[in-house]
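Try each task before you read its solution.

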Amino acid sequence: MRKILRFFISLFCICKKCPSYPGKKDPVTYCEFGKSGMEIKKKGCICSRCFVWKVNRFSNHYYCETGKDPKSKI
Ligand code: SF4
Ligand code: SF4
């Protein structure tokens, strides 16, 4: 179930267009499923342009580095 949910949210996630995305098919959706296991080189965060961020009224950035948003209900 969690896998399906992650896949669904990943359809909206724009992390792959972000300059800080670590690449190598890292599975994005960090705001809901936790931080990346990869090293993050901060070059800007575009989460505030994302549908998932807006609909959940998130306010943080760099979830790939810090982990899920405190408001995440997943
Ligand atoms: S808010 Fe950021 S981490 Fe969350 S789905 Fe959107 S782009 Fe991805
Ligand atoms: S969480 Fe933010 S900084 Fe990290 S890859 Fe997604 S948009 Fe970029």
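**Exercise 1: a charged pair**

Lys42 and Glu65 form a salt bridge, with 3.3 Å between the closest N and O atoms. This is a predicted model, where local features need pLDDT of at least 70, side-chain atom pairs count only at pLDDT 80 or more, and totals for chains, interfaces and linings use all residues. Residues are numbered from 1 along each chain as its sequence is written, and side-chain values use heavy atoms, with hydrogens and water left out.

Task: work out which parts of the chain the Lys42–Glu65 pair ties together.

Step 1. Check the criterion: a salt bridge is a side-chain nitrogen of Lys or Arg within 4 Å of a carboxyl oxygen of Asp or Glu. A search of the whole structure finds one.

Step 2. Lys42 is in the loop between H2 and H3, while Glu65 belongs to helix H4 (residues 63-66), so the pair links parts 23 residues apart in sequence. (Helices are DSSP runs of H or I, at least four residues, numbered from the N terminus.)

**Exercise 2: the shell around ligand 1**

Step 1. List the neighbours, meaning residues with a heavy atom within 4 Å. They include Cys13, Cys15, Tyr30 and Trp53.

Step 2. Find the elements: helix H2 (30-33) and helix H3 (51-55) each give two or more residues.

Step 3. Sort by class: nine nonpolar, no polar and no charged.

Methods: Chains are lettered from A and ligands numbered from 1 in the order in which they are written. Ala, Val, Leu, Ile, Met, Phe, Trp, Tyr, Cys and Pro count as nonpolar, Asp, Glu, Lys and Arg as charged, and the others, Gly among them, as polar.
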